[in-house]
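Let's take a walk through this structure together, one region at a time.

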Amino acid sequence: MPPGVLQIKAMSGHAGTVPGRGVQREEEVCKYIDVTTCIGCKACEVACVEWNDMPFQQTSFDNTYQTMPSTAWNYWNLIKFNEHQHDDGTLQWLMRKDQCMHCEDPGCLRACPADGAIVQYTNGIVDFQQENCIGCQYCVSGCPFDIPKFNGATKKVYKCTLCSDRVGQGLEPACIKSCPTGCLKFGTKTDMRAIADKRAQQLREHSGFPNAGVYDPPSVHGTHVIYVLHDITHPERYGGLPANPQIPVTYTFWKRVAKPIGLLMALAAAPIAFFHYITEGPKEAQPPDSGLPQ
Amino acid sequence: MRTVVHTGELVRHPAYTRILHWAVAIFFVLSLLSGFAIYTPWLFQPLSALFGGAPMTRLLHPWFSLGFVMAFALQTLNWLQPMTWTSDDRRWLKHLKAYVTNAERLEPEYVDFFNAGQKLYFWTIAASAVVFFVSGIPMWFPRTFGRTIVAIGYVLHDLAALTMLVGFIVHIYEGTAAQPGTFQAMTRGTVEKRWAWTHHPAWYRRVTGRDPRADYEQARRRLAERRSDA
């Protein structure tokens, strides 16, 4: 049910304004992630697996604190641990909660050829509908963040839903609920962006991070998951966050414009052949009758 | 596997060639229909229903294509000699306008087993099949190759498909309505002699040892006599 439908409009015998009127200022939601206060406890990873009732399987250890090398079809939320050595020899331990960014302009949705396999809600959540997925994995190459993961057994692709089932009932996503430091917050896009900007300013002015900033990439028209980073000029240090995420042009111009035109041009061969027959006629074997010399 | 040759006929395509041709044709049409389901949202629902649903369409498409590529590879080996481009083919292309406008009753005397148009069609399909195969592999296994290669492959795959579709439509027209008597070359495997001296005179000369023009003139005279008798 879309938010606002059960909002009370009028009330009998009630003095004053209707309670709750105008509470829903904005429909677009956002997840706020402050990597500077993340302690890498992985409570969000556990909450995600628990809420989504995901089976756990063997993983590989790569000498870091990271649970597995990358997110998986049944592991949508992963803290990426990176040890970055600065030029002056100092070390910075970077932790970033990696999951679907819920782009305002989703590359996965643009790439997908299957009717209704990927939907974008008005609140900004991008959700995969596995019953409509055909397993072609175009979304995998459409995504600039390497998020959709293919399950070879079910031949379907899976990713973080931003807990659309919880958000639809007015609850915050499971990862947000579990975070002990408050580095994860959930609310409207405007609110989260304002908090993030304020926090980045604080980091720049008071905490010695002159390059601190908010990651909300305009190349995908912003995301519904935003990061506060110590150094916005080098997002790739945080486990490969792309500085300028791009959707291949082939998924936009080619699919919507060039494809239908190309198809019509190719099919034009059929009427051309027909009118050739009408105007030039068939090429008969000569002489054009059964006057065979035998 | 045999070819029945009636009186007044020549063997055009032996059974092996015909079986390969129809294997190519069946796999091509299956690949085309399943591919066009994925190609554009407007064809997705109607065409995917033909293959038992969209996931099944996606599952089958690469296997249909593999069948097409393998059958076509065998046909290429089978036809390497008659499809070889020669200096006569360059001459034929200059005469293309007369061919398309149906200006001349008989093909030029140098036209052998295949004319230059047939050869061009064959090698266009061969080149498109290579592009198809090379671009289709990354689309089949996207995580092995990375985003950029898949995105480029996606466009190349479609361009090859459109090229093939144009060729395919022209091919069907030329093989049926445009030239009566041609279709049976790929079904029963034989053609009438007069079809051979009309469309492929040099081939007629090679297999019968007779002069195509002289035989045509003789047939024309006999027909005229029979008409005057009647």
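Before we start, bear in mind that this is a predicted model. Laid along its principal axes, the C-alpha trace of chain B fills a box of roughly 75 × 35 × 30 Å. Of its 230 residues, 30% count as buried. Contacts across the sequence are worth a look too: among those in chain B between residues at least 6 apart, 62% join residues at least 24 apart.

Now find helix H12 of chain B, which covers residues 212-229. B:Pro212, B:Tyr216 and B:Ala219 are the buried residues of H12(B). Viewed down the axis of H12(B), these buried residues fall within an arc of 65°, and therefore line one face of the helix. Their packing partners are two helices of chain B, H10 (193-199) and H11 (201-208). Turn to the other side of H12(B) and you will find B:Ala214, B:Ala224, B:Glu225, B:Ser228 and B:Asp229, which are exposed.

The contact draws 47 residues from chain B and 35 residues from chain A. On the chain B side, the elements that give two or more residues are helices H1 (15-39), H2 (41-48), H3 (54-79), H7 (142-145), H8 (147-175), H10 and H12. H8(B) gives the most to this side, with 12 residues. Sorted by class, the side of chain B that touches chain A has 25 nonpolar, 11 polar and 11 charged residues.

Let's now look inside, at the nonpolar cores. The largest one has 72 residues, and those with the most contacts inside it are A:Val35, A:Cys108, A:Cys112, A:Ile118, A:Cys139, A:Leu184 and A:Ile226. Strand S10 of chain A, residues 225-229, gives the most to this core, with five residues. Take A:Leu184 as an example of the packing: setting aside neighbours within four places in sequence, A:Leu184 is in contact with A:Lys31, A:Tyr32, A:Ile33, A:Cys44, A:Cys175, A:Ile176 and A:Cys179. A second, separate core of 16 residues includes B:Leu32, B:Phe68, B:Ala129 and B:Ala160.

Is S10(A) mostly covered or mostly open? Five of its five residues are buried, which makes S10(A) a mostly covered strand. In a regular strand the side chains alternate between the two faces of the sheet. In S10(A), A:Val225, A:Tyr227 and A:Leu229 lie on one side and A:Ile226 and A:Val228 on the other, and both faces are covered.

Finally, see what pairs with this strand. Strand S1 of chain A, residues 29-34, runs parallel to S10(A) and pairs with it over four bridges; here A:Tyr32 stands opposite A:Ile226. Strand S9 of chain A, residues 213-215, runs antiparallel to S10(A) and is joined to it by three bridges, with A:Val214 opposite A:Val228.

Note on methods:
Residues numbered from 1 in each chain as written. Chains lettered and ligands numbered in written order. Predicted model: local features only at pLDDT ≥ 70, side-chain atom pairs only at ≥ 80, totals over all residues. Expected span 1.5 Å × (residues − 1). Buried ≥ 20, exposed ≤ 12 C-beta atoms within 10 Å, placed from the backbone. Arc of directions from axis to C-beta. Contact = placed C-beta atoms within 7 Å. Core = buried A, V, L, I, M, F, W, Y, C linked by C-beta atoms within 7 Å. Pairing = 2+ DSSP bridges. Nonpolar A, V, L, I, M, F, W, Y, C, P; charged D, E, K, R; others polar.
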